[in-house]
Amino acid sequence: MPILPVNKQHQAYFQQVIDQKTKPLGALGALETLALQVALIQQTEAPQLTNPHIVVFAADHGLTAEGVSAYPADVTYQMVQNFRAGGAAINVFCRQNSLQLVVCDVGVRGVFDENTPDFVKFKVAHGTQNMRQQPAMTADETDAAMDAGRLVVDGLHHRGCNVLGFGEMGIGNTSSAALLMHRLLRLPLRECVGRGTGLTDDQLAHKLTVLEAVAERYRHLAQPMDLLAAMGGFELAAIAGGMLRAADYGMVILVDGFITTAALLVAHAVDPAVLDYCVFTHQSDEAGHQLMLNHLNASPLLKLNMRLGEGTGCALAYPLVQAAVAMLNNMASFASAGVSEKR
Ligand SMILES: Cc1cc2ncn([C@H]3O[C@H](COP(=O)(O)O)[C@@H](O)[C@H]3O)c2cc1C
Ligand SMILES: O=C(O)c1cccnc1
C-alpha cells in the first residue's frame with residue numbers, strides 16, 4: 001500500500017491560525033513552516049508530541065577491509081556497548097531533552113549476550129559482505145533488514161510514540177551512503193564522497209578509488225532495492241524500512257545527517273510521499289549532505305558543523321519541534337489577546 005500523502009485540505013486554515021498569532025506575519029520563520037507541517041501530519045491545529053523516541057540501528061560493513069574509514073571496524077560493536085551503558089553523545093542529548101533511546105543490532109559483528117531494556121536484537125548477519133567483491137547483502141537479507149526497521153517502528157507506535165528520530169552506527173557507512181547518493185541522485189561520485197570519521201587527503205583519495213571500483217561493478221543495476229542490496233548496509237535498509245512504516249503511521253520523522261538522509265533517498269525512491277512526514281534536523285559537515293538536502297528541497301533546522309550521526313541532530317533539534325507545537329497550542333491570537341492587527 002502506498003503511503004498517503006498528507007491531506008492539504010485544511011492547509012489554508014492551519015496557516016490562518018499561525019498568521020493570527022500575536023507576532024508580525026511570518027516572524028517565527030522556520031518554526032512556522034514546521035508548525036504547519038506538524039499540523040498537516042496530524043490534521044489538527046492543536047498537534048501533540050507523544051512519547052518521543054530516537055532509534056539507532058547498528059551494523060557492520062565488509063567494505064571496511066578496504067581501508068575506507070579512519071577508525072577500525074570494531075568500533076561499531078564497542079559503540080553499541082557504549083550506547084547501552086549510556087555514555088555516547090546520543091545518550092547525553094536524549095537524556096537532556098527527555099527522549100527515549102532504542103538501540104537495534106541489525107547486523108553488528110559479534111554477539112551481545114545479555115538483554116537490556118530498549119536494546120533490540122534483529123541481527124540479519126554478522127556484517128555485510130565486502131561489496132567490492134560481492135553484493136553487500138542478498139535480496140533476502142535486504143528485506144529482513146527493512147523488516148527489522150518496520151518491526152521496531154511497529155513497537156514504538158504501539159507504545160504511543162508519534163515522533164521518531166532515526167540514527168545509525170556502522171563504521172564504513174559513509175561509503176554506502178555516498179554510493180547510494182551517487183546512483184540515486186545521478187551525481188558524480190567525487191561530489192558524494194567525504195571524509196567520514198576524518199580521513200586525511202591521501203586516505204580520502206584512496207576511499208574514492210575504492211568506491212569508484214564498487215560503483216563500476218554495480219553500474220548495471222538501476223532499481224533502488226538492487227542498489228541498496230549491492231551497496232548498502234543493514235542499518236541503512238532498516239532505516240529506509242522504518243521510515244516508510246513511520247510515514248504509514250503518520251508519525252513525525254526526524255532525519256539526522258548524511259547517512260540517515262541516504263537511507264531516506266532509498267525510501268523516497270520507493271515512495272516519494274514519505275517526504276511529507278520528514279523534518280530535516282541539521283546539515284551535516286560531511287561533504288555531500290548539502291547536495292542531498294538540495295535535491296530533496298529540504299531546509300535543515302540546524303547547522304552546527306557536526307559530522308557524527310547516531311541521530312544526534314534529531315535529539316538536538318527536537319526542542320525546536322516542541323517549540324513549534326507549543327506555539328500552535330499556547331500562543332494567543334490577536335483576537336484573544338486584544339492586540340491590534342497589521343495596518
Ligand atoms: C567513536 C565513533 C563514534 C561514532 N558515532 C557515530 N559514528 C559515525 O561514524 C561512522 C561513519 O564514518 P566512516 O564511514 O568514516 O566510518 C558511523 O558509524 C557513524 O555513525 C562514529 C564513529 C566513531 C569512530
Ligand atoms: O552526517 C552524518 O550522518 C555522519 C557524517 C560523518 C560520519 N558519521 C556520520
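Two strands are taken to pair if DSSP finds at least two bridges between them. Helices (H or I, at least four residues) and strands (E, at least two) are DSSP runs, numbered from the N terminus. The structure is a predicted model, in which local features need pLDDT of at least 70 and side-chain atom pairs count only at pLDDT 80 or more, while totals for chains, interfaces and linings use all residues. Residues are numbered from 1 along each chain as its sequence is written, and chains are lettered from A and ligands numbered from 1 in the order in which they are written.

Six strands form an open sheet in the order S3-S2-S1-S4-S5-S6, and their pairing is parallel. Its edges are strand S3 (119-121) and strand S6 (278-280), each of which pairs on one side only. From one strand to the next, the twist averages 25°. S4 and strand S5 (residues 252-255) run parallel and are joined by three bridges; Leu164 has Ile253 in S5 as its bridge partner.

Angles run from 0 to 180 degrees between N-to-C directions, and axes are lines fitted to C-alpha atoms, for helices over the stretch in contact. Residues are in contact if their C-beta atoms, placed from the backbone, lie within 7 Å. Helix H5 (residues 139-158) lies across strand S1 (53-59), strand S2 (100-107), S3 and S4, and runs at about 160° to S2. H11 also packs on the sheet, where it touches S4, S5 and S6, and its direction makes about 110° with that of S4.

H11 packs against H6 and H10 as well. The axes of helix H6 (residues 173-184) and H11 are 9 Å apart, at an angle of about 40°. The two helices are therefore oblique to each other; angles under 35 degrees count as roughly parallel, over 145 as roughly antiparallel, 65 to 115 as roughly perpendicular and the rest as oblique. The crossing of H6 and H11 is left-handed, a term used if the near helix is turned anticlockwise from the far one by less than a right angle, with right-handed used if clockwise. In H6, Asn173, Thr174, Ala177, Leu180, Met181 and Leu184 meet Phe258, Ile259, Ala262, Leu265, Val266 and Ala269 of H11. This contact has ten nonpolar, two polar and no charged residues, where Ala, Val, Leu, Ile, Met, Phe, Trp, Tyr, Cys and Pro count as nonpolar, Asp, Glu, Lys and Arg as charged, and the others, Gly among them, as polar.

Helix H10 (residues 234-248) packs on H11 at an angle of about 55°, with the axes 8 Å apart, which makes H10 oblique to H11. Their crossing is right-handed. The contact of H10 with H11 has eleven nonpolar, one polar and no charged residues, including Leu236 and Met243 in H10 and Leu264 and Val270 in H11.

Ligand 1 is surrounded by 18 residues, of which Ser69, Thr174, Gly196, Thr197 and Gly309 are the closest. Helix H3 (75-85), strand S4 (163-169) and H6 each supply at least two residues of this shell, and H6 gives the largest share, three residues. By class, the shell around ligand 1 has seven nonpolar, nine polar and two charged residues.

Around ligand 2 there are 14 residues, and Gly257, Phe258, Ser284, Glu286 and Gly309 come nearest. Helix H11 (residues 258-270) gives the most to this shell, with three residues. The shell around ligand 2 divides into three nonpolar, eight polar and three charged residues.

Technical notes:
A residue is near a molecule or strand if its C-beta atom, placed from the backbone, lies within 6 Å of it. Two residues are in contact if their C-beta atoms, placed from the backbone, lie within 7 Å.
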